Amino acid sequence: MDTALINILCLILLVLGILGTFLPVLPGLVLSICGLLIYKFGTDADLPMIYIWAFVILTLISVVLSYVIPAKTNRKYGGTRWGSIGSIIGTIVGIFIPIPLGFLIGMFAGVFIGELLHDSKDMNKALQSTKGAFIGFIYGTGFSLVVGVAMFLVVVLNMLGVI
């Protein structure tokens, strides 16, 4: 296959990976890693292996953090297991609702409803838990986004001969 086509494919995968860091229908950093690996091994790129290993490790850290951070921030803001379960159910339901950012709305609604099911008299606690879920989402998404953009920049800079 032509090197130019491989480079275009890699850049498309890297951009889709960046989009996937905040759109749950795309596998995020997995697409970015695929683009990086195809670039490294599908072309005659002289990209050092340290970049590959670093981004694989950062991707694994991102996967772990995407589960740990929301749970920790949810707990920090007074959330319970009910809110966490509601978050998962709400996200899944939200993916299938045909509205923009349905997954995100579903996640927050799930946390809120889950907390209200746990304690229907404490709406403030449910709001605080939802706030914690939002902050956790921002932290996790932000980390993944930074890793995805860094992969994209490393590939582009290598294509330009800077790295």
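A nonpolar core is a set of buried Ala, Val, Leu, Ile, Met, Phe, Trp, Tyr and Cys residues joined through side-chain atoms within 4.5 Å; buried means under 20% relative accessible area, with a 1.4 Å probe and protein chains only.

The model is predicted, so local features need pLDDT of at least 70, side-chain atom pairs count only at pLDDT 80 or more, and totals for chains, interfaces and linings use all residues. Residues are numbered from 1 along each chain as its sequence is written, and side-chain values use heavy atoms, leaving out hydrogens and water.

**Exercise 1.** Find the residues of the largest nonpolar core that touch the most other members.

*Solution.*
- Step 1: Among the 15 residues of this core, look for Leu-36, Tyr-39, Leu-47, Phe-55 and Met-151, which touch the most other members.
- Step 2: Now trace the elements that give two or more residues to this core: helix 1 (3–20), helix 2, helix 3 and helix 6. Helices here are DSSP runs (H or I, at least four residues), numbered from the N terminus.
- Step 3: Zoom in on Phe-55, whose contacts (heavy atoms within 4.5 Å) include Val-147, Ala-150 and Met-151, leaving aside residues up to four places away in sequence.

**Exercise 2.** Decide whether Ile-52 is buried or exposed.

*Solution.*
- Step 1: Locate Ile-52 in helix 3.
- Step 2: Ile-52 counts as buried because its relative accessibility is 4%.
- Step 3: Check its neighbours: Ile-52 touches Leu-36, Leu-37, Lys-40 and Leu-47, not counting residues up to four places away in sequence.
- Step 4: Compare sequence with space: Ile-52 and Met-151 are 99 residues apart in sequence and 9.2 Å apart in space, C-alpha to C-alpha.

How values were computed:
Buried < 20%, exposed > 50% of the residue type's maximum accessible area, 1.4 Å probe, protein only.
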